[in-house]
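Please look over the fold below before reading on.

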Amino acid sequence: MYEIKPDNEEFAKVLKQEWTHGILKYKMNERRHQLKIYSALNGAVNDPKIRLFTLLCSRQIGKSSTTLLVATEQCLLKSGFIVLLLTATTKNMKDICELVYDKLIEDAPQTCKPTFNKSDGKYTFPNGSKIFMAGLDNNSAKDLRGKNADLIIVDEAGFVDKLQASVMSILMPQVRDRRGTILLTSTPSDTPAHDFKEIALECEKKGNYLKMTIYEDTYKNADDIEEIIEEHGGVDSTDFRREYLCEWATDAKSIIIPEFKETMIQEWERNGNYNYYHKYTAMDLGKKDFTAMLYGYYDWHAAKFILQEETQVNGDWTSTDIANAIKGVEDRIWVDIKGNKLPVYRRICDIGGMSLLPDLQTFHNINFIETKKEELYVMVNELREFVKAGRLVVSPKCKNTIGCLKYGLWDKKAKGFGRTKAYGHCDHLAALIYLIRNLSSQVMPEGIDKSLNIIDPTKMAWPHTWEDGYKTDAQKFAESFSTEVRPEIVPEHSW
Ligand SMILES: Nc1ncnc2c1ncn2[C@@H]1O[C@H](COP(=O)(O)OP(=O)(O)OP(=O)(O)O)[C@@H](O)[C@H]1O
Ligand SMILES: [Mg+2]
């Protein structure tokens with residue numbers, strides 16, 4: 001048992017023996033499920049051919065404790081053994097020291113007990129073995145160079161910034177030299193865009209992987225599990241499924257635009273009517289999040305909206321920053337062959353509030369209209385229909401918009417967009433939603449060649465009519481989130 005205190009001499013003797021022999025299994029007596037984690041990790045650490053192992057487990061199951069327990073056994077057994085424990089932040093590192101590791105070594109006899117040096121986050125064992133602990137925030141990944149270790153643990157690897165690019169690429173050669181092991185322990189990242197997913201899937205493919213869900217946690221009874229489910233918004237909530245069932249949050253239910261396909265990302269070839277097609281700019285304003293701006297045109301003949309470019313400003317912007325970003329793109333991409341500016345047909349944004357729109361108009365000659373809004377899921381549904389019908393083409397340059405389309409997730413109550421480090425509050429997706437709902441696909445642009453084959457959007461692959469399409473999707477949406485179906489809300493315009 002973990003909590004064992006040497007309260008009599010006989011017992012203290014047994015404990016001392018266990019520590020001296022580096023056998024700390026007794027600590028898992030009350031949480032038998034941890035033995036499975038312990039065996040898997042020990043197997044990886046003692047197999048000279050395994051360089052990388054991923055432990056994907058439910059919250060609070062004992063990932064950090066069991067990993068440290070295995071590391072401590074190695075330190076006790078092998079003099080001069082070096083362990084590096086890395087966490088996403090320094091705060092996480094301190095929590096692990098104080099709330100997990102200090103508790104774990106509490107009952108160690110003095111002859112085996114490591115001493116902690118606060119200034120360098122190092123635990124030193126009497127036999128010279130060491131456990132270094134470090135947080136990976138503030139660009140500290142570069143400090144990892146030259147730190148050779150026999151065992152490297154990346155705790156909550158799914159939440160470490162630039163895991164592959166800045167951490168694994170440095171760590172791998174270091175353990176390779178010493179035939180050491182890297183253990184990645186985590187719950188799945190909150191965005192499937194995180195590179196932990198690929199690394200974990202690769203480990204799974206090789207068999208260097210263990211996944212354990214809350215249902216295998218013997219320390220929790222049915223009532224505990226029920227309570228956790230309720231707290232997280234139900235057994236089907238994205239949070240519960242990710243944090244306790246260890247599912248990658250890529251299921252269609254939590255993805256905002258599941259209809260988006262890789263094939264929609266392409267450089268669309270301009271045709272001779274480019275000058276006449278309606279050009280659109282859309283903006284989603286944000287102070288805390290990005291202010292995202294999108295630029296594109298409606299190809300009347302193909303019945304597709306072509307998203308050409310995106311820009312974003314964040315932080316403390318002024319109307320001049322916004323104006324410069326917009327002009328910088330519009331004046332570059334919307335010009336004819338002689339360099340003459342082509343007119344912008346419509347600029348759309350979400351709120352007219354603040355003084356931004358009048359400022360843009362008065363000082364920069366940039367006019368926006370304010371979009372009408374509906375409930376978010378209705379507006380999302382419009383974009384989903386549009387995408388599903390194959391009417392959206394996105395240039396590969398629009399990295400943020402593509403990220404939002406591919407990986408944007410609903411928040412835990414499915415009421416708003418989830419936030420991620422990479423894609424903010426899906427601000428580019430919001431801008432796209434405003435743009436598409438304000439497209440004028442019914443008004444034929446002046447000057448276009450009417451003799452060319454014009455695709456009728458009403459004949460496109462997906463039943464486009466709001467009657468059919470909307471109801472079907474709303475139904476699906478309602479089913480996935482147990483929300484009310486509201487077929488009576490029909491968007492004001494049809495395609
Ligand atoms: N075998 C054990 N005996 C006693 N306490 C334990 C044991 N294993 C874990 N604990 C305690 O349970 C709590 C959760 O353990 P730990 O932090 O290792 O889990 P985790 O899976 O890393 O959690 P998180 O998902 O929050 O990172 C900690 O307070 C830890 O000290
Ligand atoms: Mg942990």
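This is a predicted model: local features need pLDDT of at least 70, side-chain atom pairs count only at pLDDT 80 or more; totals for chains, interfaces and linings use all residues.

**The eight-stranded sheet**

Eight strands form an open sheet in the order β3-β4-β5-β2-β6-β7-β1-β8, and their pairing is mixed. The edges are held by β3 (115-117) and β8 (209-212), each of which pairs on one side only. With direction ignored, neighbouring strands of this sheet are turned against each other by 15 degrees on average.

Within this sheet, strand β6 (residues 151-155) can be described in some detail. Five of the five residues of β6 are buried, so the strand is largely enclosed by the rest of the structure. On the β7 side, β6 runs parallel to β7 (residues 181-186) and is joined to it by five bridges, with Ile153 of β6 having Leu183 as its bridge partner in β7. Four bridges join β2 to β6, again in parallel, and here the bridge partner of Leu84 is Ile152 in β6. Together with helix α5, strands β6 and β7 make a β-α-β unit that is right-handed.

|---|---|---|---|
| α12 | 399-407 | β11 | about 110 degrees |
| α13 | 427-437 | β9 | about 135 degrees |

**The six-stranded sheet**

A further open sheet has six strands in the order β13-β12-β9-β10-β11-β14, also with mixed pairing. Its edge strands are β13 (369-370) and β14 (392-394), which each pair on one side only. Strand β10 (residues 291-299) pairs with strand β11 (residues 304-313) in the antiparallel sense over nine bridges, and in this pairing Thr291 stands opposite Val313 of β11. Helix α12 lies across β10, β11 and β14, while helix α13 packs on the sheet and touches β9, β10, β11, β12 and β14.

**Helix α10**

Which residues of α10 (residues 356-364) are buried? They are Leu356, Leu357 and Leu360, and, seen down the axis of α10, the buried residues fall within an arc of 105 degrees, so they line one face of the helix. Thr362 and Phe363, on the other side of α10, are exposed. The packing partners of the buried residues are β9 (279-284), α9 (319-333) and β12 (346-349), of which β9 and β12 are strands of the six-stranded sheet. The helix is followed by Asn365, a residue whose phi is positive, near 55 degrees.

Terms used:
Residues are numbered from 1 along each chain as its sequence is written. Chains are lettered from A and ligands numbered from 1 in the order in which they are written. Side-chain values use heavy atoms; hydrogens and water are left out. Buried means under 20% relative accessible area, exposed over 50%, partly exposed in between (1.4 Å probe, protein chains only). Helices (H or I, at least four residues) and strands (E, at least two) are DSSP runs, numbered from the N terminus. The arc is that of the directions from the helix axis to the C-beta atoms. Contact means heavy atoms within 4.5 Å. Two strands pair if DSSP finds at least two bridges between them. Axes are lines fitted to C-alpha atoms, for helices over the stretch in contact, and angles run from 0 to 180 degrees between N-to-C directions. A crossover is right-handed if, with the strands pointing away from the viewer, the path from the first strand over the helix to the second runs clockwise.
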